[in-house]
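Please look through the structure below with the sequence beside it, and then follow the paragraphs, which move from the whole chain to its sheet, its core and a few single residues.

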Amino acid sequence: MPGHRSITEAEKLAAAKLGGIAIRREQMAAVANIYRAASAVRQHLENSVLRGSDLTWTAFVVLWVVWVWGESETRHVAEEAGISKGTLTGVVRTLESRGLLRRDGHPSDGRLVLLRLTPEGEEFMTRVFPAFNEEEAFVTAGLSDAECRSLAEGLRSVVLQVEEHGEERRQSLLGGAEPAPRRSGRRPRA
């Protein structure tokens, strides 16, 4: 692939560039490899099992969240899926048009919208998830079960650190200022 660099090449280039800078190299490598692994796995799953179902990663994650959590408010689905409410709106439209998801008004608060899988959506997830899981097994084939458990626990610790202490850290780094609002569908400015 033109412009593609292997993980080994990327690590060598980073080491050369950062040679004289005092940084925490192991932590940098861990975070960089979390990103690389997530990107590689997402791309593999989108180009294999999800392509066969004509789904994007984001659409699958939305289905997964509603499948696991059951009927849920849109704001909770967006949060669990790690997407904006604006992005969720487009994904929901697509999944509704395919008959996999249904939008309903909240019974006691007309401002809220609930999402739930249709019977077709339930059947779809029951049928597709085993194939998805086979690809999860494929991408982790180089790890033993014990290594998978250890990796999962280590990543869980990373998530908990951000969930439990991230807001306090953000406030400290920004001197209490609010972050710039994210623009829908775009990365935050550097």
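Of the 190 residues of the protein chain, 21% count as buried, where buried means under 20% relative accessible area, exposed means over 50% and partly exposed lies in between, with a 1.4 Å probe and protein chains only. This is a predicted model, in which local features need pLDDT of at least 70 and side-chain atom pairs count only at pLDDT 80 or more, while totals for chains, interfaces and linings use all residues. Residues are numbered from 1 along each chain as its sequence is written, and side-chain values use heavy atoms, with hydrogens and water left out.

The accessible surface of the protein chain comes to about 13700 Å², and 55% of that surface belongs to carbon and sulfur atoms; the areas come from the Shrake-Rupley method with a 1.4 Å probe, and for residues only the protein chains shown count as cover. Along its principal axes, the C-alpha trace spans about 60 × 45 × 35 Å. Among contacts (heavy atoms within 4.5 Å) with a separation of 6 or more, 50% join residues 24 or more positions apart.

The secondary structure comes to eight helices and three strands, which are DSSP runs numbered from the N terminus, with helices (H or I) of at least four residues and strands (E) of at least two. Read along the sequence, they follow the pattern α-α-α-α-β-α-α-β-β-α-α. The three strands form an open sheet in the order 1-3-2, with antiparallel pairing, and its edge strands, strand 1 (72-73) and strand 2 (101-105), each pair on one side only. Two strands are said to pair if DSSP finds at least two bridges between them; strand 2 and strand 3 (residues 113-117) pair over five bridges in the antiparallel sense, and D104 has L114 of strand 3 as its bridge partner.

The largest nonpolar core has 28 residues, and those with the most contacts inside it are L55, F60, V62, L63, L88, L95 and L101. Such a core is a set of buried Ala, Val, Leu, Ile, Met, Phe, Trp, Tyr and Cys residues joined through side-chain atoms within 4.5 Å. The elements that give two or more residues to this core include helix 5 (74-81), helix 6 (85-97) and helix 7 (119-139), but the largest share, seven residues, comes from helix 4. With residues up to four places away in sequence not counted, L88 touches V62, T74, V77, A78, I83 and L115.

In helix 4, the buried residues are T58, A59, F60, V61, V62, L63, V65 and V66. The 13 residues of helix 4 (residues 57-69) should span 18 Å at 1.5 Å a residue, and its end C-alpha atoms are 18 Å apart, which agrees; the expected span is 1.5 Å times one less than the number of residues. Helix 4 is followed by G70, whose phi is positive, near 80°.

In helix 5, V77, A78 and A81 are buried. These three lie on the same side of helix 5, because they cover an arc of only 100° around the axis, the arc being that of the directions from the helix axis to the C-beta atoms. What covers them includes helix 4, strand 1, helix 6 and strand 3. Just after helix 5, G82 takes a positive phi of about 75°.

Most residues other than glycine have a negative phi. D54, in the loop between helix 3 and helix 4, has a positive phi, near 55°, and D54 is exposed, with a relative accessible area of 62%.
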